[in-house]
Amino acid sequence: MSDSEMELSKRYEPREVEKRWYAVWEERGYFHAATDSERPPFSQVIPPPNVTGVLHMGHALNNTLQDIIARRRRMQGYEVLWMPGTDHAGIATQNVVERQIEKEGTDRHEMGREKFVERVWEWKEQYGGTIINQLKALGCSCDWERERFTMDAGCSLAVRTVFKELYDEGLIYRGKYIINWCVRCHTALSDIEVEHEDKTGHLWYVRYPFADGSGEVVVATTRPETMLGDTAVAVYPADERYAGMEGRTLILPLVARRIPLITDKFVDPEFGTGAVKVTPAHDPNDYDIGLRHDLEQVNILNSDGTINENGGPYAGLDRYQAREAVVRDLEKQGLLVKVEEHLHAVGHCYRCSTEVEPYLSTQWFVKMEPLAKPGIEAVRDGRIKFTPERWAKVYFDWMENIRDWCISRQLWWGHRIPVWYCDDCGEQLVEIEEPTACSCGSANLRQDPDVLDTWFSSGLWPFSTMGWPEKNDTLSVFYPTSVLTTAFDIIFFWVARMIMLGLRFMGDVPFRDVFVTALVRDFEGKKMSKSSGNVIDPLDVIELYGTDALRFALGSVAVPGRDINLAEERIEGNRNFVNKIWNAARLIISNLEGFEQPDELPGELELADRWIMSRLAGLIERVDEGMDFYNFSVAGKALYQFVWGDFCDWYLELIKARLYRGTQQEKDAARTVACKVLECALRLMHPFMPFVTEELWQKLPGTGESIMVAEWPDAVAFAIDEEAEREMGLLQSVIGGIRSARSEHGIPPSGKVDAVIVADGDESQLVLERYLVYLVSLAGLSSVEFSDAVPGAGFGMRVVVEGAEAFLSWESGVDACEEIDRLGRKLAKVEADLEQAMAKLGSGGFIAKAPPAVVEKEREKERELTETRQKLNEQIEALRGMGP
């Protein structure tokens, strides 16, 4: 490599570097996994982002961690398949296109199903690649040659095959049931697609008179409009308030329907009056009560949330208008006893936030219990391991209480249910491919209009993306996958279903490890939301600070089970870290003119060289330990501390004298070790910061075609040197203590001081004497004297560290009286700040109302101020003891 090729610009320009290297990696096929490789396989599937999606901070965290895993495994010698793709996102995508055509003055019903679906496909082709391009900007090294879409031909075949097999086994059935219905999206929602929010509503107490005129029962309800569909009133069997009333007939107010009073153990006698209205068509619990007592099911709602003909005079009203009208009429007729405020959980559609209606409807379901049992065992016997482990308990709780899964959705965009009905004989056909005729010979077939829940196709993702139901090399080599990295909020939506369906159709678990990522919150620990104005857009910060800065900001603080409190300042700080690495490399590379990296290290190495390689050995061990257990924070912090602290702040400072003024042999030794350590550190950092590491690695002598395919470092190549660590530790302690004293006393870097050092024993003194050149240059000393006793007047700055004490002279121009006065003013300020912090922490209101992160920050401030106060007092006392 020529000297011009090795030159580095003064500033790191991330945008140009990122674009250039990502293109190179793709062109060279580094992301592609070969099925005929002799390397051991490692695979993972991306949680497919919605085709409507744009990159948010949750995506950025999840995919950064996946990429860190993938890049490291490649370097470790694995054949890595990271399967990418997107989800068709039924409700979300249909809503986007519906809003688009609404602006054009039409709607899907006017357009017709076929043309509307064509329009959605057009939208997908035009805009569906946005999230993929953003993942590439994040540096994701997915196998883009294998990119999949949950509605592509292969995935669609897998969906139809699974549906038919489950149907033929009796695990898919059609039936009436209370489902969650979104009147905005006009579709059913599974239980886990409903988001519950506590809301202050009302509890209306309504009189239900006995038919014989002998009295009444007062019923409390939160939804008075649904009383139009009541078919009974229920009380707890042992409730003495209603003894002897079972079987009597009541008159349903406003509708005048005769309904029975029944007893059922489900009724909570503590709620309201202990008597509850039973509406089997509009409440899941009432539905079950209705089945037990053979009650009529009266549906009063249309699919758009208006009252139907069963609502009598209220037909045609919106559900909320009907509520107001019902309450008004009850009041007029003297049937409304009272109204109370009532806090209760209200279900909302997870997509459009519309209040969900329990709705009696004919839907398609999967029987889950037979599928759940093997899924429970797979985690219980260790074939699948959750990290953090506590998520396994959450998984078990849901799986052991699982309900049948409503899989039909009243949408047009999605996998249409592969069921056809013969309009001539009524036969129901379930086929993988569209049938042309019924067994009766009729071609008059009509396909079920519903589509499948989006999560049905997503549940097949680990094997459908690899080509199932066809048998092929990709499946045989890369299934089961090695790890799934996912957010906790889709354990039920997605993870559990992948486990159940993978076991059923592949005969094996879909992945060995499930790494559950945390939430990214704002710096105060609050959830990021547009309404709160605290969202950090990953694309914005990439533009400002570069991709590597964002990736390291996220990856280096990712602790299993702990949410990440993120401030933009942290990302900016990691941009500074990237620049620190760049400048360190510039320093080394600028001193490499005419240098060729030898195969072997010099025979004898100086302490600084032995120490930095020992530290590197320890670094490799810590990085491996952290990453093996998905504790990326351990690895990230170790890298930061080594590169910024050990390498930049210490080692490079220690070798500058050799680089600039040493003999050729000394200079070559320093260059050899510096290059070797930097090259290795870049490989360790590459999974976290792929772009800057590649750019710098290419500038070092003796490197290969790309850091992406370089070998992962092995700690064995850099042995731990305990003697070097111990000796360097003593030097760092003394130098660090002197530097702190200089800073605290306002001595400028150019100000030279004399020092008398009293070592704790001969061994410590020998080390300090042997490496006096390090001590003098890095501590800024003009002279050093070793002594067995404390020096006399003139050496008033005392530094106490483990292994030695240092006494510094005042020849730098510091006056003791002036210094006492200066420190006294500083102490007064610290004590005032400390008093304020203690008062805030002593306030019950602050502790109760402030976010936990803010409270902890204030406590940390109190600890720091207390420590500073103690140090200032010690310095003042030392100065007073000096004498005139």
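Colleague: Is Tyr630 buried or exposed?

Modeller: This is a predicted model, and what follows should be read as such. Tyr630 is buried, with a relative accessible area of 9%; the cut-off for that word is under 20%. The residue is placed in the loop between helix 20 (607-628) and helix 21.

Colleague: What is the phi of Tyr630?

Modeller: The general idea comes first: most residues other than glycine have a negative phi, and most peptide bonds are trans. Tyr630 is not a glycine, yet its phi is positive, about 60 degrees.

Colleague: Which value does phi take at His186, and where does this residue lie?

Modeller: His186, likewise a residue other than glycine, has a positive phi near 55 degrees. It belongs to the loop between strand 5 (172-182) and strand 6 (187-189). With a relative accessibility of 27%, His186 counts as partly exposed, whereas Tyr630 is buried.

Colleague: Let us turn to peptide bonds. What is omega for the bond from Trp468 to Pro469?

Modeller: Omega is near 15 degrees there, and the bond is cis. Pro469 sits in the loop between helix 14 (461-464) and helix 15 (473-478). A cis bond also joins Tyr479 and Pro480, with omega about 0 degrees. Pro480 is located in the loop between helix 15 and strand 22 (481-487).

Colleague: How should I read a single helix? Which residues of helix 11 are buried?

Modeller: One begins with the extent of the helix and then asks how its residues are arranged around the axis. Helix 11 (residues 369-380) has 12 residues and reaches 16 Å from its first C-alpha to its last, close to the 16 Å expected at 1.5 Å a residue. Its buried residues are Leu371, Ala372, Gly375, Ile376, Ala378 and Val379. Because they cover an arc of only 160 degrees around the axis, they are on the same side of helix 11.

Colleague: Which exposed residues does the face turned away from that side carry, and what covers the buried ones?

Modeller: The face of helix 11 turned away from the buried side carries the exposed residues Glu369 and Lys373. The cover over the buried residues includes strand 14 (357-366), strand 15 (385-387), helix 12 (390-399) and helix 16 (491-506). After the helix comes Gly382, with a positive phi near 90 degrees.

Colleague: How many bridges join strand 7 to strand 13, and how many join strand 7 to strand 8?

Modeller: Strand 7 (residues 194-209) pairs with strand 13 over 13 bridges. Within that pairing, Gly201 has His342 as its bridge partner in strand 13, and Asp198 has Ala345. Strand 7 pairs with strand 8 over six bridges, and Pro209 stands opposite Glu216 in strand 8. The hairpin of strand 7 and strand 8 has six residues between the strands, and Gly213 takes a positive phi near 75 degrees in it.

Colleague: What are the overall figures for the chain, including its helices and strands?

Modeller: The chain has 29 helices and 29 strands. Its C-alpha trace spans about 110 × 65 × 55 Å along the principal axes. Of the 884 residues, 54% are buried. Among contacts between residues at least 6 apart in sequence, 77% join residues at least 24 apart.

Definitions and conventions: Residues are numbered from 1 along each chain as its sequence is written. This is a predicted model: local features need pLDDT of at least 70, side-chain atom pairs count only at pLDDT 80 or more; totals for chains, interfaces and linings use all residues. Side-chain values use heavy atoms; hydrogens and water are left out. Helices (H or I, at least four residues) and strands (E, at least two) are DSSP runs, numbered from the N terminus. The expected span of a helix is 1.5 Å times one less than its number of residues. Buried means under 20% relative accessible area, exposed over 50%, partly exposed in between (1.4 Å probe, protein chains only). The arc is that of the directions from the helix axis to the C-beta atoms. Contact means heavy atoms within 4.5 Å. Two strands pair if DSSP finds at least two bridges between them.
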